Amino acid sequence: MTTDVTSRHRSRRTVALSSALLLAVLAGGISSPSAHAAPSDTSATVPTMIVLDASGSMLADDAPGLRIDAAKQAVTNLVSGLPQNSELGLIVYGTGTGNSDAEMAAGCEDIKTLVPLGPVNAPSFISTVDGIQASGYTPMGSALRAAADALPADGPRSIVLVSDGIDTCAPPPPCEVAAELAAGGLDLVIHTVGFRVDDDARAELECIAQAANGTYKDAGDSKELDDALRVQVDHAINGYTAEGQPVTGAAEMTEDAPLLGEGQYVDTLENGSMLPVDRENAKFYRLDVPEGWTAHVSATMSVPVGASDETDGWYFNLSLELYEADMSFCASQVSMSSPDTRAGVTTKVLHSNECEQPTYLQLARDGQKFSDVPATVEILIRYEPPADASDLPTPEVLEAPAEPEHNDSATAVPGGLSYNEATVLAAGETYESTVVTGETRYFQIPVTWGQQIAYTITFTGKDSGDNRWSDVRMFTDNPLREKIPFFISGGSWAPGFGGTEEYGAGSEEKVRYGSEYYGLDGDYYLRVQADDTQGDAYELTFLLTMITPGDIEPGPVYDYSAIESSSPMPAQAPEGSAESPRTAVSGAMVWVVIGAVILLAAATGTWVVVRRRKEKSHE
């Protein structure tokens with residue numbers, strides 16, 4: 001939420017709840033936030049090994065400069081910009097021998113793991129890269145096997161191979177090695193970069209990538225190599241970054257199912273099913289909804305990073321169901337969907353308006369796409385109290401607001417890799433960012449009552465090659481992460497039709513209480529997605545400007561009487577979880593408890609002192 005609105009809500013809740021909290025504390029009804037486990041950060045980064053060619057041909061002076069120097073600089077630039085939680089390793093070949101005929105046997109065994117797979121330590125990694133000296137043969141096939149062996153035994157994994165020529169040590173032929181690794185059931189993707197390669201080398205590197213579900217990229221000079229390596233590693237390593245309190249749903253609908261208070265949680269759904277009716281892998285949770293309140297349940301499932309698109313089935317779907325205290329069904333959200341990109345998400349939102357006492361949540365995964373690969377799901381719980389909306393403006397569909405113009409200067413921002421780390425946009429400011437094939441970049445738009453949203457996005461640069469504009473799409477979501485209708489200019493896919501490079505959009509309504517999609521103030525989101533439907537890796541640069549036109553209007557007056565009369569209190573969100581109507585007062589609860597203890601101790605101490613003085617006076 002915007003700062004002023006959040007502060008107003010916090011103060012109102014704190015005042016309304018303080019007396020009820022103290023009573024609940026004395027009744028033993030509130031658990032300390034410290035009793036909860038710390039929130040987890042499930043960063044969906046794929047363990048990736050870089051395989052770098054350091055053979056004698058890399059000493060050619062045409063990058064400009066030495067090819068090996070350009071390659072070392074590209075790796076240095078790459079590592080400097082990676083997130084700290086990235087798991088990366090480095091294998092090189094050709095550094096230990098010359099490339100004479102007499103040295104061929106030794107040269108074809110010359111494969112070294114310079115940096116074992118692990119979290120990136122940039123200074124150490126860069127120092128190691130500085131010491132690489134090119135001189136020998138090109139045992140590409142054997143190096144691919146070594147890289148695969150260096151990766152974990154299961155789960156998504158990637159290799160990025162950079163070479164300036166063909167394998168000079170076959171057998172084993174590298175393309176056959178790639179096919180062998182892919183056929184072995186490994187969740188392994190191999191991307192390749194050809195640096196100043198001829199037709200034969202390009203064909204071999206393309207064959208490797210195609211055989212292992214990867215992509216190939218050409219680089220003709222040092223700058224293109226720098227860009228190509230970064231794009232391929234980003235393409236290999238980045239995915240949705242999930243955050244929340246770890247939780248494991250129960251296999252059955254019983255009182256043993258974990259209780260979810262307000263906040264955000266993370267669980268794993270092991271695999272999909274053929275049809276929605278086959279939800280044999282469903283998980284169950286309990287809810288704690290104050291009487292008369294509405295529960296909003298949002299579940300976001302990210303595509304398993306590194307999962308192959310070759311799996312059967314076209315949809316990757318979530319289903320949500322709510323049940324009453326007597327385990328009778330009361331609400332569901334089961335429509336089919338499929339993510340729009342490799343790094344996309346599927347989100348389902350369910351509301352308890354039709355339920356009298358929503359107590360159990362069932363969460364299941366449908367669809368055969370990626371069905372044999374575990375998927376992470378975020379569960380966002382928000383409880384909304386009843387409100388007096390009698391004096392509020394009614395929701396209505398309006399004309400699209402005017403789209404903003406870009407400023408002369410732009411601020412460079414990366415864009416987040418999830419809702420949780422979305423880059424916050426300031427109204428009226430212009431930002432420059434990039435998106436890589438298969439990625440989704442997230443931006444956060446603070447909006448309050450009475451405002452609309454409008455933005456302009458202009459693509460200013462792209463890689464050489466085929467036209468890629470039609471592969472990029474934008475979506476706007478409300479605070480529950482639900483995709484919302486928008487007025488669009490430039491086509492529903494953006495950009496792409498008519499050759500335009502500019503795309504604009506505006507919300508159909510103002511944010512007003514009671515609206516189906518715009519009924520909550522707070523943080524809205526813009527997602528910029530680059531699909532990889534053409535099987536090639538690329539990067540797009542864009543300018544983005546957002547505004548929130550409209551006069552701020554009054555919001556609803558919420559009724560918290562159900563909380564004031566309840567003892568014990570509803571379950572609290574884990575400390576550090578996403579903010580929600582009662583998460584904001586978790587700190588206040590702690591201070592109320594501390595204050596009560598201090599007051600009790602002070603009163604006891606005063607009573608003891610007075611009593612002793614009276615006894616002494618009597619003596």
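Q: How do helix 2 and helix 8 lie to each other: roughly parallel, roughly perpendicular or oblique?
A: Helix 2 and helix 8 are oblique to each other, where angles under 35 degrees count as roughly parallel, over 145 as roughly antiparallel, 65 to 115 as roughly perpendicular and the rest as oblique. Helix 2, residues 67-80, packs with helix 8 at an angle of about 40 degrees, and their axes are 9 Å apart. The axes are lines fitted to C-alpha atoms, for helices over the stretch in contact, with angles running from 0 to 180 degrees between N-to-C directions. Helices here are DSSP runs of H or I with at least four residues, strands are runs of E with at least two, and both are numbered from the N terminus.

Q: Which residues make that contact?
A: Helix 2 brings Ala 70, Ala 71, Gln 73, Ala 74, Val 75, Asn 77 and Leu 78, while helix 8 brings Ser 222, Leu 225, Asp 226, Leu 229, Arg 230 and Val 233, with contact meaning heavy atoms within 4.5 Å. By class, the contact of helix 2 with helix 8 has 8 nonpolar, 3 polar and 2 charged residues; Ala, Val, Leu, Ile, Met, Phe, Trp, Tyr, Cys and Pro count as nonpolar, Asp, Glu, Lys and Arg as charged, and the others, Gly among them, as polar.

Q: Before I go on, where do these values come from?
A: They come from a predicted model, in which local features need pLDDT of at least 70 and side-chain atom pairs count only at pLDDT 80 or more, whereas totals for chains, interfaces and linings use all residues. Residues are numbered from 1 along each chain as its sequence is written, and side-chain values use heavy atoms, with hydrogens and water left out.

Q: OK, and how do helix 5 and helix 6 sit?
A: Helix 5 (residues 140-150) and helix 6 (residues 174-183) have axes that come within 7 Å and cross at roughly 25 degrees, and the two helices are therefore roughly parallel to each other. On the helix 5 side the contact has Met 140, Gly 141, Leu 144, Arg 145 and Ala 148, which meet Pro 174, Val 177, Glu 180 and Leu 181 of helix 6. Those residues divide into 6 nonpolar, 1 polar and 2 charged.

Q: Switching topic, how many aromatic pairs are there?
A: The whole structure has 13 aromatic pairs, meaning rings of Phe, Tyr and Trp (its six-membered ring) with centres within 6.5 Å; planes under 30 degrees apart count as stacked, over 60 as edge-to-face and the rest as tilted. One of them joins Tyr 240 and Tyr 419 edge-to-face, at 6.4 Å centre to centre and 70 degrees between the planes. Tyr 240 lies in the loop between helix 8 (222-237) and strand 8 (241-246), and Tyr 419 in the loop between strand 19 (411-412) and strand 20 (423-424), 179 residues apart.

Q: Is Tyr 240 buried or exposed?
A: Tyr 240 is buried, with a relative accessible area of 4%, and Tyr 419 counts as buried at 2%. Buried means under 20% relative accessible area, exposed over 50% and partly exposed in between (1.4 Å probe, protein chains only). Ring pairs also link Tyr 240, Tyr 419, Tyr 442 and Tyr 525 into a cluster.

Q: And for the chain, what share is buried?
A: Buried residues make up 53% of the 619 residues in the chain, which has 10 helices and 29 strands.
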